[in-house]
Amino acid sequence: MARLVVVSNRVGVPDKGARAGGLEVAIRPTLKRRGGVWFGWSGRVAENKPGPAKTVEHDNVSYVTIDLRKDDYQEFYNGFANRVLWPILHYRLDLAEFTRRDLSGYFRVNEFFASNLEKLLRPDDVVWVHDYHLIPFAKALRERGHKNKIGFFLHIPFPPPEILTALPNHERLIPSLGNYDLIGFQTETDADNFSRYLANECGLKRVDDDSFTFDDRVVRVGVFPVGVETEAFGQLARRAIESKFVREVLGSLFGRAMIIGVDRLDYSKGIPERMHAFERFLTSFPGWRGGVTYLQITPHSRSGIPEYAQIARMLGEAVGRINGTFGEASWTPVRYINKSHSRTALAGLYRAARAALVTPLRDGMNLVAKEYVAAQNAEDPGVLILSRFAGAARECAAALLVNPYDPEGVANAIDRALAMRLEERRQRHAVNYKALLRNDLSVWAERFLGTLGHPNLSLLSVEKLAARVQFLHDEINRLEADMAQKR
Ligand code: F6P
């Protein structure tokens, strides 16, 4: 088997407290299983010229990281990646702050990454590049003469071309994706938007439904929704709910129902809108006052960017207002915490929570939603309230799907979740859980890497085949249930 080289901006170096969010959750088990290299930024900003790459060996994986110069960090990470691409790819043209300087910093860092990676790259390595920080990375490698198989996976949404074309210089950036052999997205919508961009804006010719010709090469486009380690996370949650930490939290609630929200502080997560909805819930359903506590865990992120500082302020104000208006000496409606928590602690809290509020305004997938489902006790599960604009809504279709822009609708969903009868909770959970089992994390990685390694495999036929198998599977279950009833 060829060596796997994963490239991403953040690298989850073990024991370094590295924070790579959903991306780390997805990549780490795959690399651990297969072995290989994980290459990217160390998370450090060098005062002067950055030194050579550093390598940490752990569990069959080499973690190779490089520092960034201050201006690179500013222009590449804070600038183009997070003040231009992040908002635009999340459909937020209003928040994008484009400068040519940041764009050239972005290209410069991609070149810098490529020049460092090529020092350790072997001709038969399979390279898997992740996320919007590294769109032109394959081009930088190809220009250096590398002919490796290179795949790209976008963890966040890809907007319709009508939005994307508002990005100045998109015609220089986006077509550079044509240097990858396989480009993967979280949902059909993202893949369709990209295919439409390639066909309409770049005039690329379709080879078939999922492939385009780019110069003399074929580029394939596919849908690979990221999953979670469903059973392992469930086991973790079962153990964690007995931990001292979770028992203390539960004890401090004095029997009140807990609603949980866990999100990195980011405007795409819709946290102020969610607070507004919770406020509406307390107003419209006064019977729940004093009987429910909403725990929102929100570690700060990207604090060098003004929009993030602003949302931190807004949230602090909203929480203060809700607690001031509705709170009692013996009851605080919202517990708002900026500390990050271990996966174990979160797993236990998910299992203990009667409902989860996962209401991003736009999200590539959202693994919190999937982990919440995986963590539940199937006999007495909690209810997932999920934004229809999260990629996870495709698989977790039995959640209470809401529009995060509609506070009344979300307030009604909270009431419905808290009042839901056991039978309905069980049914909804079983449907969601089954979907997660079917698309476990290992399926995601193996499908992507399998497709990248087999250029003749038609993506469409794999997808159609999987849908057909699923259909037959569901039919058999239905017939069995019918027969059982008649017996
Ligand atoms: O895909 C989203 C992402 O870029 C992931 O790397 C990670 O989940 C999260 O955002 C963290 O962002 P940052 O690296 O900017 O802290």
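**View 1. Arg-34 is partly exposed, with a relative accessible area of 22%.** Here buried means under 20% relative accessible area, exposed over 50%, and partly exposed in between, using a 1.4 Å probe and protein chains only. The model is a predicted one, in which local features need pLDDT of at least 70 and side-chain atom pairs count only at pLDDT 80 or more, whereas totals for chains, interfaces and linings use all residues. Residues are numbered from 1 along each chain as its sequence is written, and side-chain values use heavy atoms, with hydrogens and water left out. Arg-34 belongs to helix α1, where helices (H or I, at least four residues) and strands (E, at least two) are DSSP runs numbered from the N terminus. Leaving aside residues up to four places away in sequence, Arg-34 touches Met-1, Ala-2, Leu-4, Glu-446 and Leu-449, a contact being heavy atoms within 4.5 Å. The C-alpha atoms of Arg-34 and Leu-4 are separated by 7.6 Å, although these residues are 30 residues apart along the chain.

**View 2. A salt bridge joins the side chains of Glu-446 and Arg-34, at 3.4 Å from N to O.** This pair links distant parts of the chain, with Glu-446 in helix α16 (residues 441-453) and Arg-34 in helix α1 (residues 21-34), 412 residues apart. A salt bridge is counted when a side-chain nitrogen of Lys or Arg lies within 4 Å of a carboxyl oxygen of Asp or Glu, and by this rule the count comes to 32. Glu-446 is partly exposed, its relative accessible area being 35%.

**View 3. Asp-263 and Arg-274 form a salt bridge in which the closest N and O atoms are 2.7 Å apart.** The two residues are eleven residues apart and link distant parts of the chain, Asp-263 lying in the loop between β11 (257-262) and α10 (271-284), and Arg-274 in helix α10.

View 4. Glu-424 counts as partly exposed at 26% relative accessibility, and Arg-416 is partly exposed with a relative accessible area of 42%. Elsewhere, a network of salt bridges links Arg-69, Asp-71, Asp-72, Glu-75, Arg-101 and Arg-108.

**View 5. Strand β4 (residues 61-69) is largely enclosed by the rest of the structure, because eight of its nine residues are buried.** Strand β2 (residues 36-46) runs parallel to β4 and is joined to it by eight bridges, and Trp-38 stands opposite Tyr-63 in β4. Strand β3 (residues 54-58) runs antiparallel to β4, with five bridges joining the two, and Val-56 has Tyr-63 in β4 as its bridge partner. Two strands are taken as paired if DSSP finds at least two bridges between them. The strands β3 and β4 form a hairpin with two residues between them, and Asp-59 in the turn has a positive phi of about 50°. In a regular strand the side chains alternate between the two faces of the sheet.

**View 6. The largest nonpolar core has 94 residues, and those with the most contacts inside it are Val-7, Phe-113 and Phe-137.** Helix α2 (residues 70-89) gives the largest share of this core, nine residues. Domain 1 (4-223) and domain 2 (230-432) both give residues to this core, so it lies between them; the domain bounds come from an automatic or database domain assignment. A nonpolar core is a set of buried Ala, Val, Leu, Ile, Met, Phe, Trp, Tyr and Cys residues joined through side-chain atoms within 4.5 Å. When residues up to four places away in sequence are not counted, Phe-137 touches Val-7, Asn-110, Phe-113, Ala-114, Leu-117, Val-129 and Tyr-180. A second, separate core of 60 residues includes Leu-253, Ala-369, Ala-399 and Leu-452. In soluble globular proteins, nonpolar side chains tend to be buried together.
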